[in-house]
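Work through the exercises below with the sequence and the model at hand. Each task is followed by a solution in steps.

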Amino acid sequence: MHTGVGIPKIREIAMSPASPRNDNKRGTIMSIAENVAVIKTRIREAAIASGRNPSEILLCAATKMNDANAVRQAIAAGVDLCGENRVQELTQKSAENAYEGVPVHFIGHLQTNKVRQVVGKVELIQSVDRMKLLTAIQEEAARQNICQKILLQINIGNEDSKGGFSAEEIWDILDQLPNLPNISVRGLMAIPPISQNPGDNCKYFQKMYNLAVDIMAKSRHNVVMETLSMGMTDDFVDAIACGSTMIRVGTAIFGPRNYT
């Protein structure tokens, strides 16, 4: 099973916005399989345009509020892995074998009192955003006698409404990892500010890439930068241009979520 392919060496990027596209020219509702095919084509095109190998980018289906049948359709269509935001959904869909055939990651906000339901149940916890959560994961992983793989979530836009370590404080967090032997950091994850126009988030994606490269240049215990998880439905083309190795896509695969 895989979580990433390593932070790529990318050529200098011209920060020109990606052109918006309307792939549904028929004006009809496309199937999950059709949506995945369109996204994989766009991944390939974005990678080639950036001088990258398309195989460097993994497609994570963000499966929040989609049932087991929809998840199975996405897996059959060729997504590389699934990402779940809610512990309750993770538990329910796991019991239904919804993720069979691909790894599953946890990508949502994780409360410390629910750590036991996630550690050892997913290949990777992408959304580790505070020291208290790191400590709780360490304690539970030690109890299970396993090493839990994680990503460190970076609040790259310094938004009060979002969790995550700042790019400045991450170095102090990395210095504490030798005291957390049951945790293995595999890379970084970010959710940049909501973009109003294509290209708006390039500056944040570039900062993430540069941070990952800086961390990679300094050998640290239990830290590798193999995964740079950034880019969602509205901005994954720009994220790929800036070095993302994993995009998390929900709406473009399953359609808009119904929160009512």
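Rings of Phe, Tyr and Trp, the last taken by its six-membered ring, count as a pair if their centres lie within 6.5 Å. The model used here is predicted.

**Exercise 1. Rings**

Task: Find how many aromatic pairs the whole structure holds, then state which residue lies over the face of W171.

Solution. Step 1: apply the ring criterion to the whole structure; the search returns 0 aromatic pairs. Step 2: turn to charges over rings, where NZ of Lys or CZ of Arg must be within 6 Å of the ring centre and within 35 degrees of the ring normal. Step 3: K218 sits over the face of W171, 4.5 Å from the ring centre.

**Exercise 2. The chain as a whole**

Task: Count the helices and strands of the protein chain, and give the share of its residues that is buried.

Solution. Step 1: the secondary structure consists of 8 helices and 8 strands. Step 2: of the 260 residues in the chain, 52% are buried. Step 3: among contacts with a separation of 6 or more, 63% join residues 24 or more positions apart.

**Exercise 3. Helix 1**

Solution. Step 2: the buried residues are I32, N35, V36, I39, R42, I43, A46 and A47. Step 4: the packing partners of the buried residues are strand 1 (58–62), helix 2 (68–77), helix 7, strand 8 and helix 8 (251–254). Step 5: after helix 1 comes G51, with a positive phi near 75°.

**Exercise 4. S244**

Task: Decide whether S244 is buried or exposed, and which backbone oxygens its side chain reaches.

Solution. Step 1: locate S244 in the loop between helix 7 (236–241) and strand 8 (246–249). Step 2: buried means under 20% relative accessible area; S244 has 0% relative accessibility and therefore counts as buried. Step 3: its side chain reaches the backbone oxygen of L228 at 3.3 Å. A polar atom of the S244 side chain also lies 2.9 Å from the backbone oxygen of M246. Step 4: leaving out residues up to four places away in sequence, S244 touches R52, I57, L228, M230 and A239.

Technical notes
Residues are numbered from 1 along each chain as its sequence is written. This is a predicted model: local features need pLDDT of at least 70, side-chain atom pairs count only at pLDDT 80 or more; totals for chains, interfaces and linings use all residues. Side-chain values use heavy atoms; hydrogens and water are left out. Helices (H or I, at least four residues) and strands (E, at least two) are DSSP runs, numbered from the N terminus. Buried means under 20% relative accessible area, exposed over 50%, partly exposed in between (1.4 Å probe, protein chains only). A polar contact is a pair of N or O atoms within 3.5 Å; within protein, one must be able to donate a hydrogen and the other to accept it, and residues adjacent in sequence count only if both atoms are side-chain atoms. Contact means heavy atoms within 4.5 Å. Rings of Phe, Tyr and Trp (its six-membered ring) pair if their centres lie within 6.5 Å; planes under 30 degrees apart count as stacked, over 60 as edge-to-face and the rest as tilted.
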